[in-house]
Amino acid sequence: MLGEKALELIKEMERSRDGKLPAYNDNCVRLVLEEMNALFQQNQDDVFQVIPGNKADQHEAHYIPSIANQK
């Protein structure tokens, strides 16, 4: 299910209302980031398929310059 690991991280924070942060869940964070990246790439592919003159397999994402510099 989409977002399942992200929800797990949120629930970890919810359970720690005593003022202490839970241990950093490296594996769960990595899985969330991988899912986010996969969804972003799927979105980009979908967008470039509907733009006339673009081929989905030959596109390069065009970002706002201030965002591209943060990579």
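Select Glu 34 and Arg 30 in helix H2: these residues lie four apart, about one turn of the helix (helices are DSSP runs of H or I with at least four residues, numbered from the N terminus). Glu 34 forms a salt bridge with Arg 30, with the closest N and O atoms 3.0 Å apart; the term denotes a side-chain nitrogen of Lys or Arg within 4 Å of a carboxyl oxygen of Asp or Glu. This is a predicted model, in which local features need pLDDT of at least 70 and side-chain atom pairs count only at pLDDT 80 or more, while totals for chains, interfaces and linings use all residues. Residues are numbered from 1 along each chain as its sequence is written, and side-chain values use heavy atoms, leaving out hydrogens and water.

Next, select Glu 8 and Lys 5, whose side chains meet in a salt bridge (3.4 Å, N to O). Glu 8 and Lys 5 are three residues apart in helix H1, so about one helical turn separates them.

Then display Glu 14 and Arg 17, another salt bridge, with closest N and O atoms 2.6 Å apart. The whole structure holds three salt bridges.

Finally, centre on Val 32 in helix H2. Val 32 is buried, at 10% relative accessible area (buried means under 20%, exposed over 50%, partly exposed in between, with a 1.4 Å probe and protein chains only). Leaving aside neighbours within four places in sequence, Val 32 is in contact with Lys 5, Ala 6 and Leu 9, contact meaning heavy atoms within 4.5 Å. The C-alpha atoms of Val 32 and Ala 6 are separated by 5.8 Å, although these residues are 26 apart along the chain.

Definitions and conventions:
Helix = DSSP H or I, 4+ residues; strand = E, 2+ residues; numbered from the N terminus.
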